[in-house]
Amino acid sequence: MAVTDLVAEFSDPLSAPFWQAAARCELVFQRCRNCGQNSLYPRPFCVSCHSDTLEWEAASGLGIVFSKTKVWRQVLPTLPPPYVGAIVELDEGPRLMTRLVNGEPSIGDRVRVAWLERGVQPRLPVFEPYSGSFA
């Protein structure tokens, strides 16, 4: 199945650019051309100025752990506990709900995007500890 077929099957037109980028292991967010506000998850208009002049930009893939919790109950067959759910604040500003993998960084620690393969579903951005410097 082609990437475009996967995107059509697993997303709506508003989020399709996000999933197309994820298929290339690229994390993207929306930026308002009118006021410069960055946002993530996909929206049809800017939450700051209400303009519809949003465009997609590549994120650095770096951020900090803003919040996290360890999940002990199984909520999906493909997600056995325990795992760490988190909100990561990207260096560009938007916050993303995600999972932490390959370690358990503390709140405030640096993380970078990694990609979770999910078979026929699009790749999912997850985050892992990062010891590099701030951009």
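Student: Why is Glu-104 called partly exposed?
Tutor: This is a predicted model, and in it Glu-104 has a relative accessible area of 41%. Buried would require a value under 20% and exposed one over 50%, so with 41% Glu-104 counts as partly exposed.

Student: What makes the pair of Glu-104 and Lys-70 a salt bridge?
Tutor: The closest N and O atoms of Glu-104 and Lys-70 are 3.3 Å apart, and the cut-off asks for a side-chain nitrogen of Lys or Arg within 4 Å of a carboxyl oxygen of Asp or Glu, so the pair qualifies as a salt bridge. Because Glu-104 lies in the loop between strand 6 and strand 7 whereas Lys-70 lies in strand 4, the pair ties together parts that are 34 residues apart in sequence. Lys-70, at 34% relative accessibility, is also classed as partly exposed, and a network of salt bridges links Lys-68, Lys-70 and Glu-104.

Student: Why does Arg-110 count as buried?
Tutor: Its relative accessibility is 7%, and buried means under 20%, so Arg-110 is placed in the buried class.

Student: Which classes do Arg-24 and Glu-26 fall into?
Tutor: Arg-24, at 54% relative accessibility, counts as exposed, because the cut-off for that class is over 50%; Glu-26, at 28%, counts as partly exposed. The two form a salt bridge in which the closest N and O atoms are 3.1 Å apart.

Student: What makes the phi of His-50 worth noting?
Tutor: Most residues other than glycine have a negative phi. The phi of His-50, by contrast, is near 70°, a positive value in a residue other than glycine. His-50 sits in the loop between strand 2 and strand 3, and with 57% relative accessibility it counts as exposed. Asn-102 likewise has a positive phi, of about 60°, although it is not a glycine.

Student: What kind of peptide bond joins Pro-81 and Pro-82?
Tutor: The bond between Pro-81 and Pro-82 is cis, with omega about -5°, and Pro-82 is placed in the loop between strand 4 and strand 5.

Terms used
Residues numbered from 1 in each chain as written. Predicted model: local features only at pLDDT ≥ 70, side-chain atom pairs only at ≥ 80, totals over all residues. Heavy atoms only, no water. Helix = DSSP H or I, 4+ residues; strand = E, 2+ residues; numbered from the N terminus. Buried < 20%, exposed > 50% of the residue type's maximum accessible area, 1.4 Å probe, protein only.
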